[in-house]
Amino acid sequence: MDRSQIEKISKALADGTRLRIFEAISASKCISCGEIVSMRGVTPATVSHHLKILSEARLIACCREGQFMYSQPVPETMEAYTRALTKISKRKKAARRA
């Protein structure tokens, strides 16, 4: 994972509302926009905006079924992000020891 993708994911998860939406999506296999709106108490437009940012960061995948839009987590992205952060952390520790 390159540095720009790490930054994009970090920025996507830095917003409290977006993080809560991501947590709700991650807790289920597939969730509709309507379910997110009712659970989080935010407007459909706000949810749509946050889903777009999460999708651009490749943290979620969205698909349309009829008139409904569903979101599901992309665990591979979070796994790669975690590995990248671990790698950065190890580099910093090694630099401090030197």
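Modeller: Happy to! In this predicted model, the axes of α2 and helix α4 (residues 44-56) come within 10 Å and cross at roughly 75°.

Biologist: How are α2 and α4 oriented to each other, roughly parallel or roughly perpendicular?

Modeller: Start from the crossing angle of roughly 75°. Angles of 65 to 115 degrees count as roughly perpendicular. The two helices, α2 and α4, are therefore roughly perpendicular.

Biologist: Which residues of α4 make the contact with α2?

Modeller: By class, this contact has seven nonpolar, three polar and one charged residues. The α2 side contributes Thr17, Arg18, Ile21, Phe22 and Ile25. From α4 come Val47, His49, His50, Leu51, Ile53 and Leu54.

Biologist: Over what arc around the axis do the buried residues of α2 lie?

Modeller: Helix α2 spans residues 16-26, and its buried residues are Thr17, Arg18, Ile21, Phe22, Ala24 and Ile25. They sit on the same side of α2, because the arc they cover is only 160°.

Biologist: Which residue caps the N-terminal end of α2?

Modeller: Look for a side-chain oxygen 3.1 Å from the backbone nitrogen of Thr17. The residue that supplies this oxygen is Asp15.

Biologist: And at roughly what angle do the axes of α1 and α2 cross?

Modeller: Helix α1 covers residues 3-14, and its axis comes within 5 Å of that of α2. The pair is roughly perpendicular. Lys11, Ala12, Leu13 and Ala14 of α1 meet Gly16, Arg18, Leu19 and Phe22 of α2. The crossing angle is roughly 95°.

Biologist: Gln5 also lies in α1. Which backbone oxygen does the side chain of Gln5 reach?

Modeller: Gln5 is buried, with a relative accessible area of 10%. Leaving aside neighbours within four places in sequence, Gln5 is in contact with Ala57 and Arg58. At 2.9 Å, the side chain of Gln5 reaches the backbone oxygen of Ala57.

Biologist: Is Ile60 buried or exposed?

Modeller: Ile60 is in strand β2 (residues 60-65). Not counting residues up to four places away in sequence, Ile60 touches Phe22, Ile25, Leu51, Leu54, Ser55, Ser71, Gln72, Pro73 and Val74. Buried means under 20% relative accessible area. At 3% relative accessibility, Ile60 counts as buried.

Biologist: Last one: what separates the C-alpha atoms of Ile60 and Gln5?

Modeller: Along the chain, Ile60 and Gln5 are 55 residues apart. Their C-alpha atoms are separated by 14 Å.

Definitions and conventions. Residues are numbered from 1 along each chain as its sequence is written. This is a predicted model: local features need pLDDT of at least 70, side-chain atom pairs count only at pLDDT 80 or more; totals for chains, interfaces and linings use all residues. Side-chain values use heavy atoms; hydrogens and water are left out. Buried means under 20% relative accessible area, exposed over 50%, partly exposed in between (1.4 Å probe, protein chains only). Helices (H or I, at least four residues) and strands (E, at least two) are DSSP runs, numbered from the N terminus. The arc is that of the directions from the helix axis to the C-beta atoms. A polar contact is a pair of N or O atoms within 3.5 Å; within protein, one must be able to donate a hydrogen and the other to accept it, and residues adjacent in sequence count only if both atoms are side-chain atoms. Axes are lines fitted to C-alpha atoms, for helices over the stretch in contact, and angles run from 0 to 180 degrees between N-to-C directions. Angles under 35 degrees count as roughly parallel, over 145 as roughly antiparallel, 65 to 115 as roughly perpendicular and the rest as oblique. Contact means heavy atoms within 4.5 Å. Ala, Val, Leu, Ile, Met, Phe, Trp, Tyr, Cys and Pro count as nonpolar, Asp, Glu, Lys and Arg as charged, and the others, Gly among them, as polar.
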